[in-house]
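Colleague: I am new to this structure. Please show me how to read it, feature by feature.

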Protein chains: 2
Amino acid sequence: MKKSLGAKTILYPTPVLVVGTYDEHGKANVMTAAWGGICCSVPPCVAVSLRSATYSHGNIVRRGAFTVSIPSERFVKEADYFGIASGRVEDKFAATGLTPARSQFVDAPYVQEFPLVLECRLAHIFELGLHTQFVGEILDVKIDEEVLDKDGLPELQKLLPIAFAPETREYQALGRRLGTAFSIGRR
Amino acid sequence: MKKSLGAKTILYPTPVLVVGTYDEHGKANVMTAAWGGICCSVPPCVAVSLRSATYSHGNIVRRGAFTVSIPSERFVKEADYFGIASGRVEDKFAATGLTPARSQFVDAPYVQEFPLVLECRLAHIFELGLHTQFVGEILDVKIDEEVLDKDGLPELQKLLPIAFAPETREYQALGRRLGTAFSIGRR
């Protein structure tokens, strides 16, 4: 039997996206967002939704660029802090001791210590309501060599990304492998 | 040291979204998509990106509605099948024995056996390239009573959603709890 929870933003899993930008003075900032994901294969694009009140929102509009850094489990506290504090009043890199790295292809910084990074050129801005959706064309993906397997593919058991659960507001680790996509459903 | 993987759609985790629609004859169809996620809090909205070649794409445009059903682990094979087969030639509900349930608020079916369902009114269509992004306003969330805890909140260890890992094309379970959001990062 199903119960109605009303009109709410509930979906599992949602990602933990650490969005990197430079402000007008060139200060590197990061904020954590869970509203987003891949939205197009060709060109490869990722969407992140931010409230216009955030410091990052103005940075993306001005610079036309952002990065998405994916934290691994051991950085869950830093990722949570990035979503609580505002870059308008705090230097989040200095506060956490993490390192802003300059992107190769876009005018935005990423978190050096995080294992996976997407460098994005701002492609679209969609006003949806409380949130603005920024669609970025992914110009490059960078990954720590230590989380690649022998075939050069990302190894999830080493990368250890984090999931965010709306409504219960908790972070979860990823777990065991359930099967191969585009394969286990064939018969 | 980071290695460049090029311009690719790599992000972890991505969700496993089973999109429900009716075709022009009223036949219930479902397809699985990983490109999507929550995109706005007010109004509550979810985005799903589909190729225009899919049967579901035309259904959403015609009916102005879709659902998103979240499968639990035990339905990983069915979810994979829903992403492989086309509703143009197959009746995916009949093939899997799963049950199309009529939504309460929108003109689209959901999967009765899946624990979490979002009923969505089509709000925006954004052409991004190979994929069209459909933004749906979430009019209601329905959840199986068995996966609610004593406070009426979703219990992730009972709901058991699935994550999809691009590039390595594998499904993963969600794992252990890492902490409370908007809390563990405070100091």
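Colleague: Which residues have the most contacts inside the largest nonpolar core?

Modeller: Two terms come in here. A residue is buried if 20 or more other C-beta atoms lie within 10 Å of its own, exposed if 12 or fewer, and partly exposed in between, with C-beta atoms placed from the backbone. A nonpolar core is a set of buried Ala, Val, Leu, Ile, Met, Phe, Trp, Tyr and Cys residues joined through C-beta atoms within 7 Å. Here the largest one has 122 residues, and A:Cys39, A:Val46, B:Cys39 and B:Val46 have the most contacts inside it.

Modeller: A word on the source. This is a predicted model: local features need pLDDT of at least 70, side-chain atom pairs count only at pLDDT 80 or more, and totals for chains, interfaces and linings use all residues. Residues are numbered from 1 along each chain as its sequence is written, while chains are lettered from A and ligands numbered from 1 in the order in which they are written.

Colleague: What is B:Cys39 in contact with, leaving aside its neighbours within four places in sequence?

Modeller: Contact means that the C-beta atoms of two residues, placed from the backbone, lie within 7 Å. For B:Cys39 the partners include A:Trp35, A:Leu128 and A:His131 from chain A. Among them are also B:Cys45, B:Val46 and B:Val135 from chain B.

Colleague: How many residues does each chain give to the contact?

Modeller: Chain A gives 86 residues and chain B gives 86 residues. Strand E13 (residues 170-180) of chain B supplies the largest share of its side, 11 residues. Strands (E, at least two residues) and helices (H or I, at least four) are DSSP runs, numbered from the N terminus.

Colleague: What joins the strands within chain B?

Modeller: Strand E7 (residues 65-70) and strand E10 (residues 116-127) of chain B run antiparallel, joined by six bridges. B:Thr67 faces B:Glu119 in that pair. E10(B) is also joined to strand E11 (residues 131-144) of chain B by 11 bridges, again antiparallel. The two form a hairpin with three residues between them, and B:Gly129 in the turn has a positive phi of about 145 degrees.

Colleague: Where is there a cis peptide bond in chain B?

Modeller: Look between B:Val42 and B:Pro43, where omega is about -5 degrees. B:Pro43 lies in the loop between strand E5 (36-40) and strand E6 (45-51) of chain B.

Colleague: Is B:Leu160 buried or exposed?

Modeller: B:Leu160 is buried, with 21 other C-beta atoms within 10 Å. Its phi is positive, near 50 degrees, though the residue is not glycine.

Terms used. Two strands pair if DSSP finds at least two bridges between them.
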